[in-house]
Amino acid sequence: MENTPGLAVNLAPRCGLKLANPVLTASGTFGYGDELASIVDIQRLGAIICKGTTLKPRAGNPQPRLAETPQGMLNAIGLQNPGVEALIRDKAPMWAQWQVPVIVNIAGESVAAYTELASRLDGVPGVAGLEINISCPNVAGGCLEFGADAASAAAVTNAVRVATALPIMVKLSPSTADIVNIAQAVAQAGADAISLINTFKGLTIDIKKRRPLLGNVTGGLSGPAIKPVALALVYAVASAVDIPIVGGGGIMTADDALEFIMAGATAVEVGTATFLDPASAISIIDGIADYLKREDVGEVATLIGCARP
């Protein structure tokens, strides 16, 4: 089944980032796209969000980095990546030849680092937008701290907005009591979209070794276990901002994706499901198209927020 006009959405109306459909692959779960291109028709995706990118190469956290949990998984990769210059040299030229847009997830330990990342990526062919990671729960320093309060989140967003003309999406942490206020702050600071949510910090113990299983001790919890919480946060934030939301957290099926859209998300990110089935995002696209046909809905965009008052 091919993408149809009825699936199209606009992720950044102010910049014009139009997607063929509302299904994106979450950062850190789909590599740079080329790794799965031989088994998945990646050109059918709404967009690919690549692995988290930093100014300098990062080796990541010690092994083990992944652990299964009931209805989910813990990951503690630690933003392993080759650095922004390698990405520009080795990956962006490939993306420039693709139909599917690629959004680069960026992470830093200072406002200056985010600013430099945005500046270096501005105007690079193949880079369709930026996802600002201010919420990664499994790295030491930076990221999560910037997403902890409205002032720091807005400061990063504003600095990136000044440094680039690219569409920018800010990925927020669920580990805050004031996510609505933070979402409003980044929207006012110039974000084109908001990504909800990143993972929750979690822990698992190896009872034979009597110590934490993950080399980093804690990791980010994702998967179906967090879906109801993620859905509630999307519902709350959608009532408070006027920019698109990309919802994520435990989306395994088209029905899951439709719930997020009806709660107020313009698009969705699929992550953990890819580990079970690399083509899960494609199945979700097809499932949404089937729903539109079955329910006689002409445009998926008409479903955005329909479950809200």
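**View 1. Helix α3, end to end.** Helix α3 covers residues 150–163 of this predicted model (helices being DSSP runs of H or I with at least four residues, strands runs of E with at least two, numbered from the N terminus). Its 14 residues reach 20 Å from the first C-alpha to the last, close to the 20 Å expected at 1.5 Å a residue; the expected span is 1.5 Å times one less than the number of residues. Tucked in as buried residues are Ala150, Ser152, Ala153, Ala154, Val156, Thr157, Ala159 and Val160 (buried is under 20% relative accessible area, exposed over 50%, partly exposed in between, with a 1.4 Å probe and protein chains only). What do the buried residues of α3 pack against? Their partners are α2 (111–121), β8 (129–133), β9 (168–171) and α4 (179–188), where a contact means heavy atoms within 4.5 Å.

**View 2. Pro82 in its loop.** Look for Pro82 in the loop between β6 (72–75) and α1 (84–95). This proline counts as partly exposed because its relative accessibility is 42%. Leaving aside residues up to four places away in sequence, Pro82 touches Tyr32 and Pro57. Ala37 sits 45 residues from Pro82 along the chain, and their C-alpha atoms are separated by 20 Å.

View 3. Leu203, Ile205, Ile207 and Val217 make a nonpolar surface patch of about 400 Å². Patches take residues with over 30% relative accessible area and no salt bridge, joining like charges within 9 Å and nonpolar side chains (Val, Leu, Ile, Met, Phe, Trp, Tyr) within 5 Å. A salt bridge here is a side-chain nitrogen of Lys or Arg within 4 Å of a carboxyl oxygen of Asp or Glu. Areas come from the Shrake-Rupley method with a 1.4 Å probe, and for residues only the protein chains shown count as cover. Val217 itself lies in the loop between β13 (211–212) and β14 (218–222), and at 40% relative accessibility it counts as partly exposed.

**View 4. Stepping back to the chain.** The protein chain has eight helices and 16 strands. Of its 309 residues, 59% count as buried. The C-alpha trace spans about 55 × 45 × 40 Å along its principal axes. Among contacts with a separation of 6 or more, 71% come from residues 24 or more positions apart.

**Notes.** Residues are numbered from 1 along each chain as its sequence is written. In this predicted model local features need pLDDT of at least 70, side-chain atom pairs count only at pLDDT 80 or more, and totals for chains, interfaces and linings use all residues, while side-chain values use heavy atoms, with hydrogens and water left out.
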